[in-house]
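Hi,

Here is the structure I promised to pass on. Have a look at it first, and then read on for what turned up.

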Amino acid sequence: MENRLYLDNCCFNRPYDDQSILKNYLEAEAKVYIQKEILNKKYELAWSYMMDYEVSFNPFTDRKIQIMKWKNLAIADIDESGEV
């Protein structure tokens, strides 16, 4: 599908960064907008085994939980393979 998006770990963590830095703020706002559009079914979310791996190292349990909730909304979950 042409409306399928993959948000990497950096995207999911951007809202937790220092929002007084303009770049962080703008990227966080864009990410939140994209997430709203995913919830509104304008875009489909893709997930991957790499997200599972990277999120597992997040030292903040509350952030890890919030990010992993998005996995349940993903239309595709890409597993590791030789092809990938």
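To start with, is Lys41 buried or exposed? Lys41 is exposed, because its relative accessible area is 71%. For these labels, buried means under 20% relative accessible area, exposed means over 50%, and partly exposed is in between, with a 1.4 Å probe and protein chains only. Lys41 sits in the loop between α2 (22-39) and β2 (44-48). Its phi is near 70°, a positive value in a residue that isn't glycine. Helices (H or I, at least four residues) and strands (E, at least two) are DSSP runs, numbered from the N terminus.

Some ground rules before the rest. This is a predicted model, where local features need pLDDT of at least 70 and side-chain atom pairs count only at pLDDT 80 or more, while totals for chains, interfaces and linings use all residues. Residues are numbered from 1 along each chain as its sequence is written, and side-chain values use heavy atoms, leaving out hydrogens and water.

Now the aromatic rings. Searching the whole structure gives three aromatic pairs. Rings of Phe, Tyr and Trp (its six-membered ring) pair if their centres lie within 6.5 Å; planes under 30 degrees apart count as stacked, over 60 as edge-to-face and the rest as tilted. Phe12 and Trp70 make a tilted pair, at 6.5 Å centre to centre and with 50° between the planes. This pair links distant parts of the chain: Phe12 is in helix α1 (residues 9-13) and Trp70 is in the loop between α4 and β3 (76-78), 58 residues apart. Phe12 counts as buried because its relative accessible area is 2%, and Trp70 is buried too, at 14%. Ring pairs also bring in Trp47, so that Phe12, Trp47 and Trp70 are linked into a cluster.

Tyr53 and Phe57 form an edge-to-face pair, 5.0 Å centre to centre with 70° between the planes. Both of these residues are exposed; for Phe57 the relative accessibility is 57%. Phe57 lies in the loop between α3 (49-56) and α4 (61-69). Tyr53 and Phe57 also turn up in a nonpolar surface patch of about 440 Å², made together with Tyr6 and Met50. Patches are made of residues with over 30% relative accessible area and no salt bridge, where like charges are joined within 9 Å and nonpolar side chains (Val, Leu, Ile, Met, Phe, Trp, Tyr) within 5 Å. The accessible areas come from the Shrake-Rupley method with a 1.4 Å probe, and for residues only the protein chains shown count as cover.

One more ring to look at: Arg63 lies over the face of Phe60, 3.9 Å from the ring centre. (A charge sits over a ring if NZ of Lys or CZ of Arg is within 6 Å of the ring centre and within 35 degrees of the ring normal.)

On to the charges. How many salt bridges does a search of the whole structure find? It finds six, a salt bridge being a side-chain nitrogen of Lys or Arg within 4 Å of a carboxyl oxygen of Asp or Glu. One of them joins Arg14 and Asp17, at 2.6 Å from N to O. Arg14 is buried at 16% relative accessibility, whereas Asp17 is partly exposed at 31%. Arg14 and Asp17 also belong to a network of salt bridges with Lys23 and Glu27.

Lys71 is worth a look as well. Its salt bridge with Asp52 has the closest N and O atoms 3.0 Å apart. Lys71 is in the loop between α4 and β3 and Asp52 is in helix α3, so the pair ties together parts that are 19 residues apart in sequence. Lys71 forms a salt bridge with Asp77 too, with 3.6 Å between the closest N and O atoms. Lys71 is partly exposed at 26% relative accessibility, as are Asp52 at 23% and Asp77 at 37%.

Last, the cysteines. The whole-structure search finds zero disulfides, a disulfide being a pair of cysteine sulfur atoms within 2.5 Å. Cys10 is exposed, with 60% relative accessibility, and Cys11 is partly exposed, with 30%.

Cheers
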